[in-house]
Amino acid sequence: MTSDEKETIYNLLKLSSSWVYGYKSPKFQGDSIAFDDDVIEFVEPKPAPSSDAMATEVPQSEAIDIESAPPKVTGQQPSDNGGITIESICSKISTCRNCVLSNTRTNTVPGEGVQHPYVMVIGEGPGEDEDKTGRPFVGKAGQLLDKMLAAIGLSRTTNCYIANIVKCRPPMNRTPMPDEANACAGYLQAQIHILKPKFILAMGRTAAQNLLKTNTGINTLRGNWLELQFGNEKIPLMATFHPSALLRDERLKAPAWQDLKKFREKLLAEKPDYAEVFYTQQ
Ligand code: SF4
C-alpha cells in the first residue's frame with residue numbers, strides 16, 4: 001500500500017470519529033503521522049544456505065520487531081480542543097441515534113457539573129427520573145450520591161462533573177449491553193478530554209468494568225487506586241458501590257464509606273484546598 005493510500009484511510013477514520021462524536025478521539029490527537037510506502041525490494045536470489053549457516057542466529061541488533069516498531073511522527077500536537085466544548089458534545093448527544101436506547105428514551109442525559117472538575121463521577125446510565133428530567137443522578141440514588149459526595153467535600157456545583165457510561169435510559173433500568181456502551185463510549189471520552197478531571201470515581205460494576213475494560217467484579221475492584229489509560233495519560237481512578245446498590249443492601253454502606261475516605265485522603269494529599277469552595281457554600 002502506498003503512503004497516500006494509508007493517509008487517505010487514516011483521514012477517513014479521523015473524519016468519521018469527529019462526525020459521530022463531535023470530537024476527535026485521543027487516537028487521532030497525537031502528532032501527524034508520516035506514512036511510508038510498503039516497499040518490496042527485488043533482490044537477486046542467494047544460493048540456499050548450508051545447514052551450518054541455517055543454524056546461525058540473526059544478531060539481536062539486526063532483528064526488527066514489527067509489532068513494537070512505533071510509527072514515525074512529525075509536527076506538534078494541537079494544544080486546543082479544536083472548537084469542541086461540553087455544550088457541543090451535549091448537542092451531539094441530544095440527537096444521537098447510535099444505538100437502540102434512542103428508541104425508548106424520553107431525554108438524553110449527557111451529564112452535569114462544573115467546567116473544570118477536580119473529580120469526574122461516572123455511573124452506569126440514566127434511570128426513570130433522569131430520563132424524565134435529562135439530568136444525571138436525580139432520583140433516590142442520586143440524592144444518596146449527593147450525600148456521599150458531600151461527605152468528602154465534593155458536589156456537582158463546586159468541584160465535580162457527573163456523567164454516565166450510556167446517555168440514554170436502558171428499558172426497565174437494565175444494565176447497558178456491551179454494544180450500547182461501546183456506541184456511547186466516544187461521548188464519554190470526549191467529555192473526559194474536555195473536562196480533564198484529576199480523578200475519577202466510578203460508581204458501580206458497570207462503570208468500573210467499562211472504564212477499565214475488565215470483567216473483574218466490583219468487590220475486587222472497589223477501594224483500590226487504579227488508573228484509567230486515556231491517550232498518553234493515566235487518570236487515577238477508584239471504584240466503589242453504586243448508590244442504588246447501597247439502597248438495596250444497607251450492609252454495603254460501611255465498605256463504601258471506607259472507599260470514600262480513602263478517596264478523600266488522596267484528593268487532600270494532591271490538593272489540600274480542593275473542597276474550599278464547597279465548604280464556603282455550605
Ligand atoms: S445511549 Fe449513547 S450511543 Fe446510544 S443513542 Fe444514547 S447517546 Fe447515542
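This is a predicted model: local features need pLDDT of at least 70, side-chain atom pairs count only at pLDDT 80 or more; totals for chains, interfaces and linings use all residues.
**View 1. The shell around the ligand.** The ligand is surrounded by 14 residues. C96, C99, S102, C168 and C184 are the closest. By type, the shell divides into eight nonpolar, three polar and three charged residues. Helix α6 (residues 178-195) gives the most to this shell, with three residues.

**View 2. The largest nonpolar core.** This core has 52 residues. V119, M120, V121, I122, L201 and A202 have the most contacts inside it. Helix α6 supplies the largest share of the core, seven residues. In soluble globular proteins, nonpolar side chains tend to be buried together. Leaving aside neighbours within four places in sequence, V121 is in contact with L149, C160, I162, L201 and M203.

**View 3. I162 in strand β5.** Strand β5 runs over residues 160-164 and holds I162. I162 has 27 C-beta neighbours inside 10 Å, so I162 counts as buried; the cut-off is 20 or more. Beyond four places in sequence, its contacts are G111, E112, G113, V121, P136, F137 and R156. I200 is 38 residues from I162 in sequence. In space, the C-alpha atoms of I162 and I200 are 9.9 Å apart.

**View 4. Positive phi at M172 and K196.** Most residues other than glycine have a negative phi. M172, in the loop between β5 and α6, has a positive phi near 55°. M172 is exposed, because 7 other C-beta atoms lie within 10 Å and the limit for exposed is 12 or fewer. K196, in the loop between α6 and β6, also has a positive phi, near 50°. K196 is partly exposed, with 14 other C-beta atoms within 10 Å.

Notes:
Residues are numbered from 1 along each chain as its sequence is written. A residue is near a molecule or strand if its C-beta atom, placed from the backbone, lies within 6 Å of it. Helices (H or I, at least four residues) and strands (E, at least two) are DSSP runs, numbered from the N terminus. Ala, Val, Leu, Ile, Met, Phe, Trp, Tyr, Cys and Pro count as nonpolar, Asp, Glu, Lys and Arg as charged, and the others, Gly among them, as polar. Two residues are in contact if their C-beta atoms, placed from the backbone, lie within 7 Å. A nonpolar core is a set of buried Ala, Val, Leu, Ile, Met, Phe, Trp, Tyr and Cys residues joined through C-beta atoms within 7 Å.
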